[in-house]
Amino acid sequence: MKPVRTRFAPSPTGYLHVGGIRTALFAWLLARQAGGAFVLRFEDTDKKREVEGSREHLIKSLLTLGLEYDEGPDIGGPFAPYTQSERLQSYQTWAQVLIDTGRAYADPYTSEEVQAFREQAQAEKKPFLYRNHRPENPPKWDGSTPLRFKSEPKDYRWEDAIMGESRAGAEAVDDFILIKSDGFPTYNFAHIIDDHEMEITHVIRGQEFISSMPNYLNLYEALEFEIPILAHAPHVLGPDGKKKLGKRDGAKDVLDYIRDGYLPEALVNFIASLGWNDGTEQEIFTREELIEKFSLERVQRSGARFDEDRLLWMNGHWIRSLNLDELYARTLVIPAKAGIQSVDSSRSDHISYWPKESENYPESYKKQVLGLIQERLKYFKEIPELTAFFFEDLPVNRELIDGNKQLKKFEHAELKGWLEQAKASLQESDFSAANLTERLNELLEATGQKPGVLFSLIRIATTQAPFSPSLAETLAVLGKDTALRRIDAQLAAL
RNA sequence: GGUCCCGUCGUCUAGUGGUCCAGGACGUCAGGUUCUCAUCCUGAAGAUCGCGGGUUCGACUCCCGCCGGGAUCACCA
């Protein structure tokens, strides 16, 4: 049994969005599960489409999610180089093998001529097959024209680890281009050479390549290469459930999610469970559980829709599962945007998720605050709006009391009286949560009011926020000076 | 249009001939937890299993047709 070697082979032409990284995750999972190797390879044979900075972006995305690769363009490995534009010699060598065995020939037509053939076929409502125009005596290939594969059409049946038993007729096999006239190989040729030379055992990629499988199978045979295990994953669909997810649908790339404060754990869990489950009712999986339980056979064959609500829920779950110190450490740094600058990338004036006003507060204070909001935090970018009142006195907002369904039925004078009572009691408190709770309960009796009334009143006075964590805990964190100062401000406004 | 793939609650899915008048999760709605928001708990609504034929004692599960959706038909990957 050969050691498992999987690869992720993106072309550096743009962002790595959630749909794209799923195949990377699957490949990584398989490699880790088998104790094999996960390889990163850049397929940059189309210089025109290359996007500046996308290599860095791709690498950063992978690493941020914890999908470490064992061999790759930047770290090398036993089969280096891992960038196709640096492997031209290999393609040249194998192309010569094909020429020598009569399985490749120079394309004598201009692209206009080929286009004419194509249009002619279309007019006759017949599928266009280049091989129907295969020249009888092709010129010797000198590199100035495309080099084509001389196919041997036949029906194919093959096993796809995800899609199951697959088949296609001979009409799907054609003479495709191996090497372009610019000297670079096509994907169709290059990836097969690379996978072979790099000893890749599992090819996992998007379903857009399924229809090319007969061509690849034909090439593998001509080259006498062993065919790796093949797996084609369905696309992740956009919110409308129709088109595949892409940047232009507003699909954010992976790093956008990270920057918004989504945890890698949640993203990995979410992406893995988009179209995969282990057959039980388990929804939350750690990275280790995924490595242990993942299998291509259980990957759904139909495309799954990207459901942001579910991601949000999952992220909240993972945030709650972290201990406070760990969670706090994660809120300290907003990862820098690597590679491509997103047009809508947010301002970079914040280096942490905490609001500006928090910078003069000690870490211990911020940790207490975080402890109070942990169970209501869905993603880190929400921290400022959830915590603002812990760091600054917000202006008195009359609407909070006048619009409160419990409080609006009382006269201001009455509310003022209760707040005065509260102030008097709180002045005597040591502001420990226990003492605060005790005094708050006494106040309930003294005023004869329900918590819904009294606590709402004090909560609004001390936070000026529409919602906040529970009263005693909030007061304890806020501290005596701040709490009393804010009560005075509220009193003055009533 | 040719070829290939797919089709279970709004969404992600469990389900491989009977235990399914279809189970779980997200979302939604209602109730509970000394106040708000959230968490947590409980409950509810929500799928004639795309449609129509077969096969079978019996089909979400097998077969055929249809419809719908997707992918692909480049000197892009």
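The model is predicted. H17 supplies the largest share of that surface, 5 residues. H17 also meets another helix, H15.

**Around the RNA**
- RNA strand B is surrounded by 57 residues.
- The closest are Thr45, Lys180, Glu375, Arg376 and Ser468.
- Of the atoms of RNA strand B that come within 4 Å of the protein, 72% belong to sugar and phosphate.
- The surface near RNA strand B has 24 charged, 18 polar and 15 nonpolar residues.

**Polar contacts with the RNA**
- Ser468, one of the closest residues, places a backbone N or O atom 2.4 Å from a base nitrogen of RNA strand B.
- Asn441 has a polar side-chain atom 2.7 Å from a base nitrogen of RNA strand B.
- Glu43 has a polar side-chain atom 3.2 Å from a sugar or linking oxygen of RNA strand B.

**Where H15 meets H17**
- The axes of helix H15 (residues 412-427) and H17 come within 10 Å and cross at roughly 75°.
- H15 is therefore roughly perpendicular to H17, as angles of 65 to 115 degrees count as roughly perpendicular.
- On the H15 side, the contact is made by Leu415, Trp418, Leu419 and Ala422.
- On the H17 side, Val453, Leu454, Leu457, Ile458 and Ala461 take part.
- The residues of this contact are 9 nonpolar, no polar and no charged.

Definitions and conventions:
Residues are numbered from 1 along each chain as its sequence is written. Chains are lettered from A and ligands numbered from 1 in the order in which they are written. This is a predicted model: local features need pLDDT of at least 70, side-chain atom pairs count only at pLDDT 80 or more; totals for chains, interfaces and linings use all residues. Side-chain values use heavy atoms; hydrogens and water are left out. A residue is near a molecule or strand if one of its heavy atoms lies within 4 Å of it. A polar contact is a pair of N or O atoms within 3.5 Å; within protein, one must be able to donate a hydrogen and the other to accept it, and residues adjacent in sequence count only if both atoms are side-chain atoms. Helices (H or I, at least four residues) and strands (E, at least two) are DSSP runs, numbered from the N terminus. Ala, Val, Leu, Ile, Met, Phe, Trp, Tyr, Cys and Pro count as nonpolar, Asp, Glu, Lys and Arg as charged, and the others, Gly among them, as polar. Axes are lines fitted to C-alpha atoms, for helices over the stretch in contact, and angles run from 0 to 180 degrees between N-to-C directions. Angles under 35 degrees count as roughly parallel, over 145 as roughly antiparallel, 65 to 115 as roughly perpendicular and the rest as oblique. Contact means heavy atoms within 4.5 Å.
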